[in-house]
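Here is a short briefing on one protein chain.

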Amino acid sequence: MRRFFYNQPNSLQVGSTVPLTEEIFHHWCKVLRASMDEQALFFDGQGGEYTVTLTDITKKQALVTINDFNPINRALPFTVNIALVMSRGERMDYAIQKATELGVSSIQLLTSQHGEVRLKADQADKKLAHWQQVAVSACEQCGLNIVPNLLAPKAFSDWIDEPAGVPISNTVTKLILAVPPDDSGVVTSCNQIEGSDIEHSDIEHNDIEPIAPYTPYPNPLPHITNQFRQCSLAQFWLLIGAEGGFSAQEITQAIERGFIPWQIGERVLRTETAPVVALSSLLTLHQTLTLAKE
């Protein structure tokens, strides 16, 4: 059954008849050529979903009757918020889309010292609306009924010092995806290798420098495991850099604010891959612990 986001909160009531929004009418009736008595699922982002039946179609409008309500949300059994430094083009769309499909609760957009994206005032609202629609479309596809909230861009240094931005609680685990400094003192973010737009064919093998040796950070998985075991609803903040990674100063600042460095495996991840791997790792660990209890 097709799913549509009905962007008019609190308008859906069982037994009532409501008009389709312009977006749903165009897609369902014009593009997909829906017919009378066809059914679909509507959700308004407030939780749950409604089964609706198409009862009237004209050239410019259509009506549906709300048949029933299902309170299901298909949300994660824990809460994950991501603070994500903005990246270029489709990489950002991909990161938001996949993070939504994997159940993220909110995404705080950031700028950083090495981040290449700086939105002007007249660009910010347009970009934010576009990325929010990416999240909506992902929810329509994957079955989530509560759309993650995308928060307007802030500078890393401003956001991390805001008490409301980074909660202080024993039930909140804060993780920064980062690789430790090498022997030269240079810190590599888990996604620093992302940066270049040069095609592989344009690079000679001998031009690629090997990754310098480093001493690993302590493994945060025991701490994450304890959170799952001790909290009925564990909460996480994931701090993820863009193409250029985080600077040494930013990583130090994050650690001072209670963030735990997390290097997932021995490879360097692209900025759009990092949210997918981190969220999948948390979900897999939670499911493993849940099965062990049974």
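This is a predicted model: local features need pLDDT of at least 70, side-chain atom pairs count only at pLDDT 80 or more; totals for chains, interfaces and linings use all residues.

Residues are numbered from 1 along each chain as its sequence is written, and side-chain values use heavy atoms, with hydrogens and water left out.

**Whole chain**
- The protein chain has 7 helices and 12 strands (DSSP runs: H or I of at least four residues, E of at least two, numbered from the N terminus).
- Of its 294 residues, 45% are buried (under 20% relative accessible area, 1.4 Å probe, protein chains only).
- Among contacts (heavy atoms within 4.5 Å) with a separation of 6 or more, 73% join residues 24 or more positions apart.

**Nonpolar cores**
- The largest nonpolar core holds 42 residues (buried Ala, Val, Leu, Ile, Met, Phe, Trp, Tyr and Cys joined through side-chain atoms within 4.5 Å).
- Val80, Ile82, Phe236, Leu238 and Trp262 have the most contacts inside it.
- Elements that each supply at least two residues of this core include β6 (79-85), β11 (235-240), α5 and α7.
- A second, separate core has 18 residues, among them Leu20 and Phe42.

**Helix pair α5 and α7**
- The axes of α5 (residues 221-230) and α7 (residues 274-293) come within 10 Å and cross at roughly 55° (lines fitted to C-alpha atoms over the stretch in contact, angles from 0 to 180 degrees between N-to-C directions).
- The contact uses Leu221, Ile224, Thr225, Phe228 and Arg229 of α5, and Leu282, Leu285, His286 and Leu289 of α7.

Technical notes:
Buried means under 20% relative accessible area, exposed over 50%, partly exposed in between (1.4 Å probe, protein chains only).
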